[in-house]
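The sequence and the structure are shown first.

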Amino acid sequence: MRIPARSVCTAIRDDIVSGAFERGSRLTEEQLARRYGVSRVPVREALRTLESEGFVVTRRHAGACVAEPTEQEAADLLEIRLLLEPLGAARAAQRRSEAHLKVLRGLVRLGQDRARRGQGDDLRSLGAWFHETLAQACGSPGLTALLTQLRHKIAWMYAVELPARPVEAWAEHGAIVDAVARGDAERARALTALHAERTTGAHRLRIPAGVRSSQHSVNTAGGRL
């Protein structure tokens with residue numbers, strides 16, 4: 001069975017973001033095909049996609065390598081986030097489906113519960129799920145793709161501290177969802193802009209890490225891809 005290039009792309013991107021592949025390290029088709037248990041064809045396609053996203057660069061005499069963003073490029077990501085996330089929330093207020101709204105409300109309930117209990121690990125995953133769903137609710141595939149790529153890059157470049165007052169942070173999420181539910185695009189935009197600005201200070205630039213030894217196969221049943 002042919003493994004889709006998008007699954008290989010997700011696997012490589014995840015390993016870049018997690019630090020399994022060090023910035024600047026070479027990514028050979030043979031190495032990656034062996035690592036993920038696939039042929040070189042989907043690997044080649046995946047590398048082209050990741051180069052277009054900025055995770056991979058092609059260097060003369062070296063081939064594909066993990067990109068090495070500068071501190072300025074990292075700072076630019078946070079500025080772009082301040083512009084795109086409010087736009088996505090405003091669009092979501094105009095175009096969200098009832099299914100999106102149901103998921104968002106459920107995530108807010110869970111987030112508020114975990115915040116009261118002080119369950120930080122759950123809050124990280126719930127927060128990521130919340131913003132992913134909000135991006136999908138904007139009804140614009142292009143904007144959703146940009147927001148998704150932006151989140152991946154920020155996760156690669158920054159460690160994000162949990163909010164000092166998680167209950168208040170999830171109250172902000174709840175207010176955003178209320179605005180989206182009412183179709184109030186301007187309020188959704190303003191609340192999301194305020195939330196994004198408040199959380200910018202929690203981002204700490206990562207020090208590039210060494211290569212880790214964990215490996216996983218794309219075609220293993222029950223995997224996360």
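What percentage of the 225 residues in the chain do buried residues make up? Buried residues, those under 20% relative accessible area with a 1.4 Å probe and protein chains only, account for 44% of the 225. The model is predicted: local features need pLDDT of at least 70, side-chain atom pairs count only at pLDDT 80 or more, and totals for chains, interfaces and linings use all residues. Residues are numbered from 1 along each chain as its sequence is written, and side-chain values use heavy atoms, with hydrogens and water left out.

The chain contains nine helices and four strands, in the order α-α-α-β-β-α-α-α-α-β-α-α-β along the sequence. These elements are DSSP runs numbered from the N terminus, helices being H or I of at least four residues and strands E of at least two.

The extent of the chain is tabulated below.

| Property of the chain | Value |
|---|---|
| Span of the C-alpha trace along its principal axes | about 55 × 40 × 35 Å |
| Radius of gyration | 19 Å |

A compact globule of 225 residues would have a radius of gyration near 17 Å, so the 19 Å of the chain agrees; the radius is taken over C-alpha atoms, and the globule rule is 2.2 Å times the number of residues to the power 0.38.

Contacts are heavy atoms within 4.5 Å. Of those between residues at least 6 apart in sequence, 76% join residues at least 24 apart.

Ser140 lies in the loop between helix 6 (120-136) and helix 7 (141-157). Ser140 counts as buried because its relative accessibility is 16%. Leaving aside residues up to four places away in sequence, Ser140 touches Arg91 and Arg95.

Note on methods: Buried < 20%, exposed > 50% of the residue type's maximum accessible area, 1.4 Å probe, protein only.
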